[in-house]
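Have the sequence and the 3D view open as you read.

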Amino acid sequence: METLQQNNVAMPRIGEKAPSFKAVTTQGEINFPEQYAGSWVILFSHPADFTPVCTSEFMTFASMEQQFADANCKLVGLSVDGLYSHIAWLRTIKEKIEYKGMKNVEVKFPLIEDITMEVAKKYGMIQPGESSTKAVRAVFFVDPKGVIRTILYYPLSLGRNFDELYRVIIALQAADAFSVAMPADWRPGDDVIVPPAGSCGVAKDRMDGKEEMKCYDWFFCTKKIDKETVMKTVLKKK
Ligand code: BEZ
């Protein structure tokens, strides 16, 4: 697979198969992305164990793990620290840290040890302008077929917005399920974009009165999908 090389760092891209690797994690060995076939998975990196921003992120992500699981999405973390550092850090989080109402937080998802930086380099997580010894805060959203669907990168100094990560997972699945696109700041229940005729040939067919659409111009049409329909589809709940 062709990848863009910058400073000898491979940069996987949206629409490509997620690069495969085997790794040791806090939950045993994993074979990525093969063992996640059929699930969405978020592979994310953090700069270092025992650091404050990363701790706030892990506590938040672990607290939301069930919410992601309900959306058929698993979580996999990575840093270039070793396994014993990971284990000690996660134990400290569980036993000692109380933060923003979160306490006794157990991180049950796998955290990859990557002391050789092999995986981090494969995924473009080492960005030397920011740090050549730590991974940046990268987030890869991989679909059930193992294809990368969204990539986010944050610098060392900025913790991620986990509501946004959840919004992305819901939006990607809803866009697939309803063959639509999501406008700026879309949230479940907001109008969605019907692709114009000529792009996917969808809007024209739908303008025959079968579906109610609002068109701002010929290239910009939306329709309603209520929140319950979106969430029922994504969460597969009655
Ligand atoms: C942090 O998580 O607090 C952090 C990690 C690496 C560099 C700066 C901050």
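## Salt bridges

First, a working definition: a salt bridge here is a side-chain nitrogen of Lys or Arg within 4 Å of a carboxyl oxygen of Asp or Glu. This is a predicted model, so local features need pLDDT of at least 70, side-chain atom pairs count only at pLDDT 80 or more, and totals for chains, interfaces and linings use all residues. Residues are numbered from 1 along each chain as its sequence is written, and side-chain values use heavy atoms, with hydrogens and water left out.

Searching the whole structure turns up 7 salt bridges. One of them pairs E57 with R137, with the closest N and O atoms 2.9 Å apart. E57 sits in helix 1 (residues 52–63) and R137 in strand 8 (residues 137–142), so this pair ties together parts that are 80 residues apart in sequence. Helices (H or I, at least four residues) and strands (E, at least two) are DSSP runs, numbered from the N terminus. Both E57 and R137 are buried, where buried means under 20% relative accessible area, exposed means over 50%, and partly exposed is in between (1.4 Å probe, protein chains only).

Now for two other pairs. R149 bridges to D143, the closest N and O atoms being 3.2 Å apart. R149 is partly exposed because its relative accessible area is 23%, while D143, at 9%, counts as buried. Salt bridges with shared partners also link E57, R137 and R160 into one network. Then there is R13 with E16, where the closest N and O atoms are 2.9 Å apart. R13 is partly exposed at 33% relative accessible area, and E16 counts as buried at 13%.

## Strands and hairpins

The protein has 7 helices and 12 strands. Strands of a sheet pair through backbone hydrogen bonds, either parallel or antiparallel. For the pairings below, two strands pair if DSSP finds at least two bridges between them.

Take strand 3 (residues 21–25) and strand 4 (residues 28–32): they run antiparallel and are joined by 5 bridges. A hairpin connects strand 3 to strand 4 through 2 residues. If you want a spot to look at, K22 has N31 in strand 4 as its bridge partner.

Further along, 3 strands make an open antiparallel sheet in the order 10-12-11. Strand 10 (192–194) and strand 11 (213–217) are the edge strands, each pairing on one side only. Strand 11 is joined by 4 bridges to strand 12 (residues 220–223), running antiparallel, and M213 has K223 in strand 12 as its bridge partner.

## A nonpolar patch

Y216, W218, F219 and F220 make a nonpolar surface patch of about 500 Å². Patches are made of residues with over 30% relative accessible area and no salt bridge: like charges are joined within 9 Å, and nonpolar side chains (Val, Leu, Ile, Met, Phe, Trp, Tyr) within 5 Å. Where does F219 sit? F219 is in the loop between strand 11 and strand 12, and it is partly exposed, with a relative accessible area of 45%.

## The whole protein

Buried residues make up 47% of the 238 residues. The accessible surface comes to about 12500 Å², and 52% of that belongs to carbon and sulfur atoms. Accessible areas come from the Shrake-Rupley method with a 1.4 Å probe; for residues, only the protein chains shown count as cover.
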